[in-house]
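Please read the points below with the sequence and the structure open beside you.

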Amino acid sequence: MKSSILRAGVVALACALGLSACGGGSGDLYLTGAVYNVTKDGLVLTNNGEDLAVTTPYQSFQFNNRISTDDQFNITVKSVPSNVEKIADCVVTNGKARANYYTIAQIRVDCKIRQRKLTASIVNLTASGLVIINGADRKEVAAGTATVPMAPVNEDGAYGVTVLQQPAGQTCTVSGGGNGKGAGTMGATEDTTVTVTCA
């Protein structure tokens, strides 16, 4: 008799702690996942009627409502940041399954940020040897060149065009951009304000 009462007490305690074997509406698992390539507010995920805004540092998410083991979850994208073109550009991987400690560890959201053109104007380049860079983007510029299309830059992303190598017998300086020296933050339109002037 005593052992039956003891077993019943253990089961009741386990259920009170929310262990998965007992079920229960409050659930025992937090629905979490990783987030990639999100740089600003605006990404909202939804799961079975519960919305969640992904906030800084935009690396992970965790829904407030816990779910029970074997409950069905279905995470979708409700809205995206302004620098993402459309909802389809944020892709949820492993967002629909029955909950257990394995499935909730596999969820991720990857977004594709809209890119804008960055063009540098070249003034008075009469010699060879000029090399300009923006991060890892490297461009060799021939004499007489008027414009150089640099690699596209993520909207709201930083850029900074600098001279890596001067041309023979000339000195070139960079102006324009957000800070007046060839650097800035990419806006919602392409940037054509960067100018490399040689003398």
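1. Glu-85, Arg-114, Arg-116 and Glu-155 form a network of salt bridges. A salt bridge here is a side-chain nitrogen of Lys or Arg within 4 Å of a carboxyl oxygen of Asp or Glu. By this rule the count is 9 salt bridges. In general, side chains of opposite charge can pair when their charged atoms come close.

2. The model is predicted: local features need pLDDT of at least 70 and side-chain atom pairs count only at pLDDT 80 or more, while totals for chains, interfaces and linings use all residues. Residues are numbered from 1 along each chain as its sequence is written, and side-chain values use heavy atoms, with hydrogens and water left out.

3. Strands (E, at least two residues) and helices (H or I, at least four) are DSSP runs, numbered from the N terminus. Buried means under 20% relative accessible area, exposed means over 50%, and partly exposed lies in between (1.4 Å probe, protein chains only).

4. Another salt bridge joins the side chains of Asp-51 and Lys-78, at 2.5 Å, N to O. Asp-51 belongs to strand β3 and Lys-78 to strand β5, so the pair ties together parts 27 residues apart in sequence. Asp-51 is partly exposed, with a relative accessible area of 36%, and Lys-78 is partly exposed too, with 47%.

5. The side chains of Asp-137 and Lys-139 also meet in a salt bridge, at 2.5 Å, N to O. Asp-137 is buried, with a relative accessible area of 14%, whereas Lys-139 is partly exposed, with 23%.

6. Strands β3 and β5 are also members of an open sheet of 4 strands, in the order β3-β2-β5-β7, with antiparallel pairing. The edge strands, each pairing on one side only, are β3 (50-53) and β7 (96-98). The twist averages 25° from one strand to the next; axes are lines fitted to C-alpha atoms (for helices over the stretch in contact), and angles run from 0 to 180 degrees between N-to-C directions. Two strands pair if DSSP finds at least two bridges between them. Strand β5 (residues 72-79) and β7 pair over 3 bridges, and Asn-74 has Lys-96 in β7 as its bridge partner.

7. Asn-134 sits in strand β10 (residues 130-134) and is buried, with a relative accessible area of 12%. A polar atom of the Asn-134 side chain lies 2.7 Å from the backbone nitrogen of Gly-160. Apart from neighbours within four places in sequence, Asn-134 is in contact (heavy atoms within 4.5 Å) with residues including Leu-118, Met-150 and Tyr-159.

8. Ala-142 is placed in the loop between β11 (137-141) and β12 (147-154). At 47% relative accessibility, Ala-142 is partly exposed.

9. Some totals for the protein chain follow. The secondary structure comes to 1 helix and 16 strands. Of the 199 residues, 37% are buried. Among contacts between residues at least 6 apart in sequence, 64% join residues at least 24 apart.

Conventions
A polar contact is a pair of N or O atoms within 3.5 Å; within protein, one must be able to donate a hydrogen and the other to accept it, and residues adjacent in sequence count only if both atoms are side-chain atoms.
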